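Biologist: I am new to this structure and would like a short tour. Could you show it to me, please?

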Amino acid sequence: MKQKRLLVALLLLLILGILIVYSRLEYDNHNYGLKYILQHFDTFNNTKISFDGFVTEVNVTNHLIYLETAVQPWFIEVKIPGNQKLPQKGDFVEIYGTLNTRDYVTAEKIFINTPWQKDMIYLRSLPAIPFAFFLFYKTWKFSRKKIRFERRNNA
Amino acid sequence: MPDWLTHSLIGWITGKIIKSDVALLVIGSLLPDIEKISVVDNWFGIHSEQFLAPFHTPAGAFLIGGLLALFFESPKKAFIPLSIGITTHFILDVFLFNSSGGLRLLFPFSWEGWQYDVISSGDDWITIIAIYAAAFVYIIYLYYTNLTSKNNM
């Protein structure tokens, strides 16, 4: 029985290992960050792209925002639909839209997060750790002898 | 990703409703976010996303669930709530807008990203809804537990 478990564990680890190696080799070919998109502009011209970043400037009159980029042209102009709220300078935005030119995107969707909202997700996540541990150890205990978890008598 | 609190509460609610192992369901609901170790790695300048990305796919998460289940008396019985928890995680995440392209539900067969762009990861209203829903389910659970114990007396 123990040997069967060990065999299954090794098999699962092997498959997981293959997935990790495959992901390591192929990841960059399927994850297009804004830097990659701009470096391969011809491939992405007039296609739908999604990216995120911090707003560096806001043009209220023309409903435009500007985001810094890590490569040339060093900034990107994003046209925000008239019916959507404009972010403020410093906000973190997630954008889905069409890349029209190397430095211009027409947004279809924009999600706006203030800088603290972005960090709050990590703070909000913290209570889940003691919550999960509490529930788990209330129900299960680890038997070193059998190297497995056993249900507690009162659970 | 919605935050872990939301994931764990939805896992807890699901466990209570379907009367499954709540503890394992909550653990399952958090398992795919093992990938988030890469956030900590990034703080130290290590880029581990390429290695950890499979954990945030159904294939990788169920494999981890399977491995974890082997450490229980009955792996099959443990795997079921873990899998349900993992499933609730992906159901929640698929509604998120993800600027990196969405969930890779068919990995390793396809790298296509799936997302319904309903919520942003920064939105806290989904957490608030989850807290209220969990409180509501807990009250109902207490009510029925009391009712059952009274009937048994």
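Modeller: A term to begin with: two residues are in contact if their C-beta atoms, placed from the backbone, lie within 7 Å. This is a predicted model, in which local features need pLDDT of at least 70 and side-chain atom pairs count only at pLDDT 80 or more, while totals for chains, interfaces and linings use all residues. Residues are numbered from 1 along each chain as its sequence is written, and chains are lettered from A and ligands numbered from 1 in the order in which they are written.

Biologist: Which residues does Leu30(B) touch?

Modeller: Leaving aside residues up to four places away in sequence, Leu30(B) touches Ala128(A) and Ala132(A), as well as Trp4(B), His7(B) and Ser8(B).

Biologist: And how many residues are in the largest nonpolar core?

Modeller: The largest nonpolar core has 32 residues, and Ala23(B), Val26(B), Ile27(B), Leu30(B) and Leu82(B) have the most contacts inside it. Such a core is a set of buried Ala, Val, Leu, Ile, Met, Phe, Trp, Tyr and Cys residues joined through C-beta atoms within 7 Å. A residue is buried if 20 or more other C-beta atoms lie within 10 Å of its own, exposed if 12 or fewer, and partly exposed in between.

Biologist: Which element gives the most to this core?

Modeller: That is α2(B), with 7 residues. Helices (H or I, at least four residues) and strands (E, at least two) are DSSP runs, numbered from the N terminus.

Biologist: How do α2(B) and α6(B) pack?

Modeller: Their axes are 6 Å apart and the angle is about 45°; axes are lines fitted to C-alpha atoms, for helices over the stretch in contact, and angles run from 0 to 180 degrees between N-to-C directions. The two helices α2(B) and α6(B) are therefore oblique to each other, given that angles under 35 degrees count as roughly parallel, over 145 as roughly antiparallel, 65 to 115 as roughly perpendicular and the rest as oblique.

Biologist: Which residues of α2(B) make the contact?

Modeller: On α2(B) they are Leu24(B), Leu25(B), Val26(B), Ile27(B), Gly28(B) and Ser29(B). The α6(B) side includes Ala78(B), Pro81(B), Leu82(B) and Ile86(B).

Biologist: Changing topic, how many residues of chain B are in contact with chain A?

Modeller: On chain B there are 37, and they meet 41 residues of chain A. Elements giving two or more residues to that side of chain B are α1, α2, α4 (49-52) and α5 of chain B.

Biologist: How many helices and strands are in chain B overall?

Modeller: Chain B has 7 helices and 0 strands. Of its 153 residues, 43% count as buried, and the C-alpha trace of chain B spans about 60 × 40 × 30 Å along its principal axes.
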